[in-house]
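I keep these entries as a record of what I looked up, one topic at a time. The structure comes first, and my notes follow it.

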Amino acid sequence: MTNPTDHLLRYRPWKGELNPPVYASWAMARSSLRLLFRRKIFWALYALALMIFFFFFYGQYLVVWIQMQTASQTVNFGAMPVKMSELTKFLDKLNLNGSPHTFGNFIWFEGYVAMIVLALAGAVLVGNDFQYGSLPFYLSKPIGRRHYVLGKMLGIGAFINLLTTIPALLLFIQAGLLYDWQSYYIDNYLLLLGILGYGLLLTVVLSLLLVATAVWVRRTVPLIMIWSGLFVLCHRVANFLVEAQNLSPLWRLIDLWNNLYLVGLWLMRADPEAVKLGPQPEPWQAALVLAGVCIGSMLYLRKRIQAIEIVS
Amino acid sequence: MTLLLDLNNLSRTFGAHRALKDVTLQIPQGLVGLLGPNGAGKSTLLKILMGLIAPTSGTGRVLDVSLGGDRDTRDNWRLRRLIGFMPEADALVPGLKGIEYVALAGELYGMPRKQALRRAHEVLTYLDLDEARYRAVEDYSAGMKQRAKLAQALIHDPPVLLLDEPTSGLDPSGRDKMLHLIRELGSLHGKSIIVSTHLLADVQAVCERVVILADGELRGVGTVAELCARRDDYYRLRFVGSKEAFEQALIASGLTTVKHAAARELRVVLPAGRSTLDLFRVADAIDVSLRAVLRDDVSLDELFRQTTAPEAA
C-alpha cells in the first residue's frame, strides 16, 4: 500500500542562524506594502495624491517662469490688458515659492487623500488581523507585542511618507533648482530638517492612531467613518466654534490634522502669523494634544493586543 | 535523552479560578496527545508551554529550556523558536499568496529573507501545496489551509510541533493525509509533536503517549496501551436467559455493567480481586447459561470518559 505522501519531496532539515525579533518587524512592514500595492483602489487614490503633487510641482514652476520670463508682458482678456504677473495672484495663497508654507500647504492638501488611504491601510493591515484571526499567526512567533505594533507602524508609515514627506522633499529639490540652488539648499537646510521632522511626526502620530482605531473597528467602512469624523468633522466643528461662535482658539485643538499642521510649521520654522486659518492655538499646545493621542493609543494597544488570544 | 516536557507543580490561576492545578509531568520526546474536555486547562497549558503566559507557581522545561512566562526575553524567544505552532483558528493573512505567507512565517521566526523563501518552497512542496503556492491563501480549501498552517509551523525546522486541532474541518481523506503527515514527521523526521484535540481517534492513530487533563488537573498520562491496561478488566458476556435479571444479579454481586453493549450481550467490569469465576456463579444462581466470556479492551474513548468524569477526580 502506498502512502499518500510517497510521491512528495522528502522533508529536509534546515540549519541556520536566526535573526533577532526586530527583523520580524521589517518583514511585516514589507508584507504590508505588498498587501496594499496589490489593491487597485490604492493606486487610484495614489494617482489622486500625485495630482495634488503635480499641481504644486507645476504651480511652483509656473510662478517662477512667469516672474522670470513674462512678468513685464501683458495679455488681453477681451479688450482688457492684464499683466502676466497679475494672473498668478490666485496662486499666492498657496505660497508656491519654496517657503515653509509651500510644504505646509502641500501636506495639508495631501491630508484629504492620506486620510482615505490610511483608513484603507488600517483595515487591510491591522483590522484583518483581528477579523480573520491572523493575530495568532504573528504572536505565536518569537516576537513581542511591540514588534508587532512596530511592524504595522513601519508599513503604515511608509504609506504616509509616500503621500506626504517624499513628494514634499521632491518639491524642496525642485524649489532649489528653480532658484539659486546653492544658496537655497544652504540657507534652507533647517527647512529640509523641518520637512523630515514633519514627516516623522505624521508617521508616529498617524500610524499609532491608525493601528489603535483599526484594532478597535477592524472593518474598512467604519474605519473610514471614524477617520473622517476625526479629520473632517472635527475640523469643521473647530472652525464653527472658533470662527462663527468666536470661542477660544483652543477649540481648534480638537482638529488633529490642524494640530499636526501647527507643529509641522513650527518644525519648519514658518512664520506663525501666516498660518492658513487664524486665530490658532500655540504649537506647544497642539504638541501636547498629539502626545496625549500617542500615549492613549499606546495604552489601548497594550490592552487589546494580548498574546493570550493566540490559543482560544 | 532530554525530556520533551518536564513540569513540576505547575499551576495557573486567573483571579479566583484555578485553570491549572499542580501539574507534574515528565514526558519523553515523541508524539503526545493532549486530551481534555472544554475548560480542562489544555489551552492554559499550551499558552504556558509557548511562553505566552507565566505559570502562577511551579517550574517547567521544554526540551531543557525553561518556561519563560510572558516576558520579552532572549530565553522566551529561544523557547518559542523550539516550537512550531499550528493554531486551531484560520490564522491566515488574507491577500498573501501561499508562498509569501509561509516565507513571512520564516522571517518572523528570524530566518534570513532568502533562506525563508527557499525553505517555504521546500516545505510547501513537501506538504503537497506546490501547485497552489502562488494562489491567495484565503482561496485555499479547508485541507489546504490546514497544510498551509502546518507549513508555517515547520518553516524553521523546529524540534517541537504544537498542533491545535490539526484535523479540524477536514474531510476523511484530508484527515487521513494530515494524520499520515503527523506520523511521518514524528517517526521519520524526529519531531516531537504535541497534538491537542477532542478527536480521540486522531490521538489513537498517531500518538505514542497521552496526557489527559480535566478541571485543571492531570488525570492520566502514559502510552495509549498503558492507559488502557491500567483499568479494571472488561469482559463481554454472551448468554441465554433474561438480560435484565442477569444484569441486576451482577450489580447485586458488586460488579458494574457498562452501557454500549449489543442486544444479547452484557459488558461487565471486573475489579482487582474478582475473577471470571464470579460471573459463572452469578449466572448459575439465576439460571442463566453463559455461552461466552470474552475479554473486551476498553477504547480510548471510554477511558477518556471515565478519566474525565467528575467522580474520577
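In what order do the four strands of the open sheet in chain B with antiparallel pairing stand? Working on what is a predicted model, I read the order as β12-β13-β11-β14 of chain B. I noted that β12 (256-258) and β14 (289-295) of chain B each have a single partner strand and stand at the edges, so one side of each is left without a neighbour in the sheet. From one strand to the next, the twist averages 35°.

I then looked at one pair within this sheet, and found that strand β11 (residues 233-240) of chain B runs antiparallel to β14(B) and is joined to it by six bridges. Opposite B:Leu237 I found B:Val293, which belongs to β14(B). Helix α9 (residues 243-252) of chain B touches β11, β12 and β13 (265-270) of chain B, and its direction makes about 5° with that of β13(B). Helix α10 (residues 276-285) of chain B touches β11, β13 and β14 of chain B, with its direction at about 160° to that of β14(B).

Next I turned to the open sheet of six strands in chain B, where the pairing is mixed and the order is β6-β7-β8-β3-β9-β10. Its edge strands, each pairing on one side only, are β6 (83-86) and β10 (217-223) of chain B, and the twist here averages 15° from one strand to the next. Strand β3 (residues 31-35) and strand β8 (residues 192-196) of chain B pair in the parallel sense over four bridges, and I recorded B:Val195 in β8(B) as the bridge partner of B:Gly33. Helix α1 (residues 42-49) of chain B packs on this sheet, touching β3, β7 (160-164), β8 and β9 (209-214) of chain B, and its direction makes about 150° with that of β7(B). I also saw helix α5 (residues 142-154) of chain B lying across β6 and β7 of chain B, at about 165° to β6(B).

For the contact between the chains, I counted 38 residues from chain A and 46 residues from chain B. On the side of chain A that touches chain B, α1(A) gives the largest share, five residues, and the residues of that side divide into 24 nonpolar, eleven polar and three charged.

Last, I checked helix α2 (residues 40-69) of chain A, whose 30 residues reach 42 Å from the first C-alpha to the last, close to the 44 Å expected. Its buried residues are A:Ala49, A:Phe53, A:Phe56, A:Gln60 and A:Val63, and what covers them includes α4 (100-131), α6 (145-163) and α7 (165-178) of chain A.

How values were computed:
Residues are numbered from 1 along each chain as its sequence is written. Chains are lettered from A and ligands numbered from 1 in the order in which they are written. This is a predicted model: local features need pLDDT of at least 70, side-chain atom pairs count only at pLDDT 80 or more; totals for chains, interfaces and linings use all residues. Helices (H or I, at least four residues) and strands (E, at least two) are DSSP runs, numbered from the N terminus. The expected span of a helix is 1.5 Å times one less than its number of residues. A residue is buried if 20 or more other C-beta atoms lie within 10 Å of its own, exposed if 12 or fewer, and partly exposed in between; C-beta atoms are placed from the backbone. Two residues are in contact if their C-beta atoms, placed from the backbone, lie within 7 Å. Ala, Val, Leu, Ile, Met, Phe, Trp, Tyr, Cys and Pro count as nonpolar, Asp, Glu, Lys and Arg as charged, and the others, Gly among them, as polar. Two strands pair if DSSP finds at least two bridges between them. Axes are lines fitted to C-alpha atoms, for helices over the stretch in contact, and angles run from 0 to 180 degrees between N-to-C directions.
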